[in-house]
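Colleague: I would like a close look at one part of this model. Please keep it brisk and stay with the packing.

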Amino acid sequence: MTKSEIVPTDAGDARITWHPARKPWTVLAVSHGAGGGIEARDLVALAAALPAEGVSVALVEQPWRVAGKKVAPAPKTLDTGWRGLWPALAVPGLPVIAGGRSAGARVACRTAGELGAAAVLALSFPLHPPGRPERSRADELLGAGVPTLVVQGGNDPFGKPAEFPAGPHTLAEVPYADHGFAVPKRAPITQDEALDSVVGAVTEWLASLR
């Protein structure tokens, strides 16, 4: 049974939608990007699959989304919202893995150390703006300070897997996928297979953290 709760933060009210495991050993908290919400295909797939693996999934909506706004605020405001809802994520008394897609992944990396996250899951980490590789955000990823998994589409314009620097993180590629893990119809894999690749990589990595 999923359940949602509103959590007041200094950036406004956030929302957590829980997909609880029956006998959880950890909580995976994942937030959306700057251009969408928790209906993103990868977040939906993870929330459906991981509770069976003993992972309670908390899908986090930042205050700007809860307020119905269409444009994400500055990174500092996103971090403020994430910090404010963190105590609610820790209520079950389990290790909390911080995660997110795109802008949400950046937030998770920037705040992991101060909040005591057990690990970071970075889905479609936006290594740089499209066409601007010189504006690298690699320092945020490399500075996470905890075990980190990056799941990246092979054709992500925000950073292809080969563009990522070496570091302590693990990187899993989803072939042919774009920033939203969508694959073109001409690709030799289906959309379902691409999502299976995302879920499989995350499941394997989570098992390694136990």
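Leaving aside its neighbours within four places in sequence, which residues is Trp-86 in contact with?

Modeller: This is a predicted model, so local features need pLDDT of at least 70, side-chain atom pairs count only at pLDDT 80 or more, and totals for chains, interfaces and linings use all residues. Residues are numbered from 1 along each chain as its sequence is written, and side-chain values use heavy atoms, with hydrogens and water left out.

Beyond four places in sequence, Trp-86 is in contact (heavy atoms within 4.5 Å) with Val-96, Ala-98, Leu-115, Gly-116 and Ala-117.

Now the core around Trp-86. A nonpolar core is a set of buried Ala, Val, Leu, Ile, Met, Phe, Trp, Tyr and Cys residues joined through side-chain atoms within 4.5 Å. Buried means under 20% relative accessible area, exposed over 50%, partly exposed in between (1.4 Å probe, protein chains only). The largest nonpolar core has 35 residues. Trp-86 is among those with the most contacts inside it, along with Ile-16, Trp-82, Leu-89 and Phe-125. Elements that give two or more residues include β2 (12-19), α3 (75-89), β5 (96-101) and α4 (103-115). Helices (H or I, at least four residues) and strands (E, at least two) are DSSP runs, numbered from the N terminus. α4 gives the most to this core, with 7 residues. Another core lies apart from it, with 32 residues, among them Ile-38, Ile-97, Val-174 and Val-183.

Next, the sheet. Its 8 strands form an open sheet of mixed pairing, in the order β1-β2-β4-β3-β5-β6-β7-β8. Two strands pair if DSSP finds at least two bridges between them. β1 (3-9) and β8 stand at the edges with a single partner strand each, so one side of each has no neighbour in the sheet. β3 and β4 run parallel, joined by 6 bridges. Val-30 has Leu-59 in β4 as its bridge partner. α3 lies across β1, β2, β3, β4 and β5, at about 130 degrees to β1. Axes are lines fitted to C-alpha atoms, for helices over the stretch in contact, and angles run from 0 to 180 degrees between N-to-C directions.

Last, Phe-125. Both Phe-125 and Phe-164 are buried. Rings of Phe, Tyr and Trp (its six-membered ring) pair if their centres lie within 6.5 Å; planes under 30 degrees apart count as stacked, over 60 as edge-to-face and the rest as tilted. That rule gives 2 aromatic pairs. In one of them, the ring centres of Phe-125 and Phe-164 are 6.4 Å apart and the planes stand at 65 degrees, so the pair is edge-to-face.
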